[in-house]
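Subject: Structure handover

Hello,

Here is the structure for your files. My notes on its contacts and surface follow below.

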Amino acid sequence: ASSWWECLFSQKWFASRKMLMDLHTSLIEAYDRLLCVQGYCVSEKFEEQHTAFMKTLKADIQAVVQHASELLGLCLEAMLDGELSEEEGEDVNAKKDALNAACESLTTRFYEAKAAVGLP
C-alpha cells in the first residue's frame, strides 16, 4: 500500500497493482474461510457416516477446486500485464461460468448426500 508512487506515471502498472491488491483482499477472505473449515475439521470425528458422506462429494469438490484454480491462474496472468484483452475476458467469463456450474453441482449433490445419510 505504500508503493503507490511507483505506479504514478504508468497506467498499466497502476492497473496491475490495483488488480493485485483486489486479489490480495479476496485471498485474505478465502484464507479466513479456510481457517473456519480447519476448525470444523479438527472437531470432526471422521466416523463411518462422515467417510460415506464425503466419498459421494469427492468428485464435485475436486471439480470446484480445479475450476477455481484455473480461474485464479487466468486472472493472475491478466493482472500481471495490467490489461484484460477481449480474449482474456472471454476466457475469464468461461472459467467463471464453469466454476459457478461446479459450485451449483456441489451444492445440489451436498443436499442429496445429506438426505441420503440422514443428516439434518
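Ring pairs join Phe53, Phe110 and Tyr111 into a cluster. The whole structure holds two aromatic pairs (Phe, Tyr or Trp rings, the six-membered one for Trp, with centres within 6.5 Å; planes under 30 degrees apart are stacked, over 60 edge-to-face, the rest tilted). Phe53 and Phe110 are edge-to-face, at 5.5 Å centre to centre and 75° between the planes. This pair links distant parts of the chain: Phe53 is in helix 2 (residues 48–81) and Phe110 in helix 3, 57 residues apart. Helices here are DSSP runs of H or I, at least four residues, numbered from the N terminus. Phe110 and Tyr111 are edge-to-face too, with centres 5.3 Å apart and planes at 80°. Phe53 is buried at 8% relative accessibility, while Phe110 is partly exposed at 32% (buried is under 20% relative accessible area, exposed over 50%, partly exposed in between; 1.4 Å probe, protein chains only).

This is a predicted model: local features need pLDDT of at least 70, side-chain atom pairs count only at pLDDT 80 or more, and totals for chains, interfaces and linings use all residues. Residues are numbered from 1 along each chain as its sequence is written, and side-chain values use heavy atoms, leaving out hydrogens and water.

Next, the salt bridges. There are three (a side-chain nitrogen of Lys or Arg within 4 Å of a carboxyl oxygen of Asp or Glu).

- Asp60 and Arg109 meet at 2.9 Å, N to O. Asp60 sits in helix 2 and Arg109 in helix 3, 49 residues apart. Asp60 is buried at 10%; Arg109 is partly exposed at 38%.
- Glu70 and Lys95 meet at 3.1 Å, N to O. Glu70 is in helix 2 and Lys95 in helix 3, so the pair ties together parts 25 residues apart in sequence.
- Asp97 bridges to Lys96, with the closest N and O atoms 3.5 Å apart.

Last, the surface. Glu86, Glu87, Glu90 and Asp91 gather in a patch of negative charge. Patch residues have over 30% relative accessible area and no salt bridge; like charges are joined within 9 Å, nonpolar side chains (Val, Leu, Ile, Met, Phe, Trp, Tyr) within 5 Å. Areas come from the Shrake-Rupley method with a 1.4 Å probe, and for residues only the protein chains shown count as cover. Asp91 lies in helix 3 (residues 86–116) and is partly exposed at 36%. Leu20, Leu76 and Leu80 make a nonpolar patch of about 250 Å². Leu76 belongs to helix 2 and is partly exposed at 34%.

Best wishes

Terms used:
Lys and Arg count as positive and Asp and Glu as negative; His and the chain ends are not counted. The place of a charge is taken as NZ of Lys, CZ of Arg, CG of Asp or CD of Glu. Helices (H or I, at least four residues) and strands (E, at least two) are DSSP runs, numbered from the N terminus.
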